[in-house]
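Please look over this chain and report on its sheets, its turns and the charges beside its rings.

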Amino acid sequence: MSRIGKKPVQIPSGVTVGVADRVVTVEGAKGKLTFTHRPEISVNVEGDSVNCTRSGEDRTSRELHGLTRAIIGNMVEGVSNGYEKKLEIVGVGYLASISGDTLQLRVGYANELHRKIPSDLTVTCPDQTHVVVQGCDKQKVTQFAAEIRSLRKPEPYKGKGIRYQGEQVKIKPGKSATK
């Protein structure tokens with residue numbers, strides 16, 4: 001029994017959802033997203049909601065039922081409100097900037113790190129120690145934010161590095177003098 005899969009996805013005003021040949025298309029103010037679902041699941045648009053049903057009770061169908069519904073729900077949320085991940089850079093001399101379609105990071109290495117910004121994402125730097133990643137596709141937003149964070153993860157002794165805004169980093173005690 002998939003509790004999530006059974007819940008219908010409500011379609012807000014200004015968002016259109018279409019299903020044709022296993023391809024779900026969601027279009028709204030923030031953009032357009034498509035998703036091809038597996039044949040074990042059927043997706044129906046009824047009025048202002050989207051319903052997902054599964055063909056059988058085997059393990060794969062049960063797993064895909066909730067997954068498909070969650071992906072469609074994230075698509076509807078993304079084209080109506082969008083997604084945003086905020087990163088903060090902690091460390092002396094650590095900073096970020098944007099030039100054209102490239103994110104430049106100085107995070108304590110000998111060379112500056114450069115990451116190309118995907119065309120469907122909006123990346124801004126409100127100041128030199130913060131990076132904001134925005135877009136309508138939840139997977140792409142979180143993946144790009146995770147790639148930026150992985151360039152210099154927060155280290156446990158001083159807390160220097162790139163972290164999500166609000167992330168708590170447990171600081172370990174260093175060596176202590178023995179007396």
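How many bridges join β2 to β3? Five bridges join them, and the two strands run antiparallel. Strands pair if DSSP finds at least two bridges between them. Strands (E, at least two residues) and helices (H or I, at least four) are DSSP runs, numbered from the N terminus.

**Basis of the model**

This is a predicted model, in which local features need pLDDT of at least 70, side-chain atom pairs count only at pLDDT 80 or more, and totals for chains, interfaces and linings use all residues. Residues are numbered from 1 along each chain as its sequence is written, and side-chain values use heavy atoms, with hydrogens and water left out. The predictor's confidence in each residue is its pLDDT, from 0 to 100. The protein chain averages 93, and 97% of the residues score at least 70. Confidence is lowest in helix α1 (residues 3-6), with a mean of 88. It is highest in helix α3 (residues 138-150), at 97.

**The sheet β2-β3-β4**

Three strands make an open sheet in the order β2-β3-β4, with antiparallel pairing. The edges are β2 (16-20) and β4 (32-36); each has a single partner strand, so one side of each lacks a neighbour in the sheet. From one strand to the next, the twist averages 15°.

Strand β3 (residues 23-27) also pairs with β4, in the antiparallel sense and over five bridges.

| Residue | Bridge partner |
|---|---|
| Val17 | Val26, in β3 |
| Val23 | Thr36, in β4 |
| Glu27 | Lys32, in β4 |
| Ile41 | Arg54, in β6 |

Side chains alternate along β3. Val24 and Val26 point to one face and are buried (under 20% relative accessible area; exposed is over 50%, partly exposed in between, with a 1.4 Å probe and protein chains only).

**Two hairpins**

β2 and β3 form a hairpin with two residues between them. Asp21 lies in this loop. Most residues other than glycine have a negative phi. Asp21 is not a glycine, yet its phi is positive, at about 50°. Arg22 is another non-glycine residue with a positive phi, near 65°. Is Asp21 exposed or buried? Asp21 counts as exposed, because its relative accessibility is 76%. Arg22 has 38% relative accessibility and so counts as partly exposed.

The hairpin of β3 and β4 has four residues between its strands. Gly31, in that turn, has a positive phi of about 155°.

**The sheet β1-β6-β5**

Another open sheet has three strands in the order β1-β6-β5, again with antiparallel pairing. Here β1 (9-10) and β5 stand at the edges; each has a single partner strand, so one side of each is left without a neighbour in the sheet. β5 pairs with strand β6 (residues 49-54) in the antiparallel sense, over six bridges.

Asn44 sits in strand β5 (residues 41-46). Its relative accessibility is 35%, so Asn44 counts as partly exposed. Which residues does Asn44 contact, leaving aside neighbours within four places in sequence? They are Ser49, Val50 and Asn51. Contact means heavy atoms within 4.5 Å. Asn44 and Val17 are 27 residues apart in sequence, and their C-alpha atoms are 9.8 Å apart in space.

**A helix across the strands**

Helix α2 (residues 59-80) lies across β2, β3 and β4, and runs at about 170° to β4. α2 also lies across β1, β5 and β6, at about 165° to β6. Axes are lines fitted to C-alpha atoms, for helices over the stretch in contact, and angles run from 0 to 180 degrees between N-to-C directions.

**Rings and charges**

A search of the whole structure finds zero aromatic pairs. Rings of Phe, Tyr and Trp (its six-membered ring) pair if their centres lie within 6.5 Å; planes under 30 degrees apart count as stacked, over 60 as edge-to-face and the rest as tilted.

Two tyrosine faces do carry a charge. Lys85 lies over the face of Tyr164, at 5.0 Å from the ring centre. Arg152 lies over the face of Tyr109, at 4.4 Å from the ring centre. A charge sits over a ring if NZ of Lys or CZ of Arg is within 6 Å of the ring centre and within 35 degrees of the ring normal.
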